[in-house]
Amino acid sequence: MMQREAPIQSTTAASSSDPILEIRDLRTYFFLERGTVKAVDGVNLTLGRQSTLGIVGESGCGKSVTASSVMRLVKYPPGKIVGGEILLHRSQAAAHGQPREVVDIVKLDHQGAQIRAIRGGEIAMIFQEPMTSLNPLKTIGNQIAETVTLHQKVGKQAALQRAEEMLHKVHISAPRQRLSEYPHQLSGGMRQRIMIAMALSCNPSILIADEPTTALDVTVQAQILDLMRTLQDEFHSSIMLITHNLGVVSQMADHIAVMYLGKVVEYGPVRAMFHEPLHPYTVGLLKSVPVLGRKTAQLIPIKGMVPSPTETIRGCAFAARCPHAMQICGEQRPELRAARPSHEVACWLH
């Protein structure tokens, strides 16, 4: 049955420091034969305007599923958003002095006109592996132009000109020549730049980057991150950066959310998270990262294994691996609460 398009709410116009995206108690489950996988289980996040939010955690903690939920790319069966809100605060109306529009993406029909306009037009995503996202049978120019014509309603010639302009902005050599080439003719770093060009071709308000530097060497990684920072300043966009690389978020992010087993266990400014982490899991992650030039410091791995996502956990999901676990940790689940100004943690120690 087709789902009805959600009504648009209105709020008063506000400054650029206001949130552009709010995720409230988001729950995305996968219903499998062996049980229900609670991939995202009550996530709360806020992305500010023209800022970067880094989401970190071990593989399987729910980072990519959170991003897919925002884009409404979770397919049922087996996956389904079973609860929560994803509020997009649109900026177009506020720029003209009108009340700001707020859309709950969860309530939109995942195949409807509204979500198709948002997906790629207002929220764009760079996927983890470019070769799984780029069509091997279409030229680079046609793929970027297709995105432009879909959201900006311009002719093919104008769309190809926009594609060439974007390739120039992401520092692709001989951009006009690249328009007629295919993905397999480009290197991994160039394909990642193509994905960034495609994502930014329609000037989206939000860019979701899911492991944008995976499988790239460190030199190309640095170039890609520098490019994203430059384009963010130029397009005034907000970035949700999903990665397991703490070095990347330390350079890019304004705020960091640490996820564990489908939940956010700590959220705060990047400086506080690196210098004064509160959650034992965050402390464990930082102690597991090698530091260049520090030969005497021994890496301390986090003991134990991540529980099964199908398992019903009564208390804190990290309790079995936590060196500071108390009796209450196994009995009651801690909620994310403010321990310091702008710094929240879900831990009974705080």
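A residue counts as partly exposed when its relative accessible area lies between the 20% under which it is buried and the 50% over which it is exposed. Glu85, at 26% relative accessibility, is therefore partly exposed. The structure that holds this residue is a predicted model.

The average pLDDT of the protein is 86, and 91% of the residues score at least 70. Residues 1-16 have a pLDDT below 50, and this stretch makes 40 contacts in the model beyond near neighbours in sequence. Where pLDDT is low, the predicted coordinates should not be read in detail.

The interior comes next. In soluble globular proteins, nonpolar side chains tend to be buried together. Here the largest nonpolar core has 54 residues, and those that touch the most other members are Leu167, Ile196, Leu207, Met228, Ile256, Val258 and Tyr281. Helix H8, residues 188-200, gives the most to this core, with eight residues. Another core lies apart from it and has 35 residues, including Leu21, Ala39, Val70 and Ile118.

Charged side chains make up the next part of the picture. The model has 14 salt bridges. One of them joins Arg24 to Glu85, with the closest N and O atoms 3.6 Å apart. Arg24 lies in strand S2 (residues 19-32) and Glu85 in strand S5, so this pair ties together parts that are 61 residues apart in sequence. Like Glu85 at 26%, Arg24 is partly exposed, with 37% relative accessibility.

A second salt bridge pairs Glu164 with Arg176, where the closest N and O atoms are 3.3 Å apart. Glu164 is in helix H6 (residues 156-169) and Arg176 in helix H7 (residues 175-178), 12 residues apart, and the pair links distant parts of the chain. Glu164 is partly exposed at 21% relative accessible area, whereas Arg176 is exposed at 61%.

Arg229 pairs with Asp226, the closest N and O atoms being 3.8 Å apart. The two residues are three places apart in helix H9 (residues 218-235), so about one helical turn separates Arg229 from Asp226. An α-helix has 3.6 residues a turn, so residues three or four places apart point the same way. Elsewhere, salt bridges link Asp25, Arg27, Asp41 and Lys263 in a network.

The surface also carries nonpolar side chains. Phe31, Tyr76 and Val82 form a nonpolar patch there, with about 310 Å² of accessible area together. Tyr76 sits in the loop between helix H1 (63-70) and strand S5 (79-89). With a relative accessible area of 56%, Tyr76 is exposed, because the cut-off for that class is over 50%.

Key: Residues numbered from 1 in each chain as written. Predicted model: local features only at pLDDT ≥ 70, side-chain atom pairs only at ≥ 80, totals over all residues. Heavy atoms only, no water. Patch = residues over 30% accessible without salt bridge, like charges linked within 9 Å, V, L, I, M, F, W, Y side chains within 5 Å. Areas by Shrake-Rupley, 256 points an atom, 1.4 Å probe, with all protein chains shown as cover. Salt bridge = Lys/Arg side-chain N within 4 Å of Asp/Glu carboxyl O. Helix = DSSP H or I, 4+ residues; strand = E, 2+ residues; numbered from the N terminus. Buried < 20%, exposed > 50% of the residue type's maximum accessible area, 1.4 Å probe, protein only. pLDDT = per-residue confidence, 0-100. Contact = heavy atoms within 4.5 Å. Core = buried A, V, L, I, M, F, W, Y, C linked by side-chain atoms within 4.5 Å.
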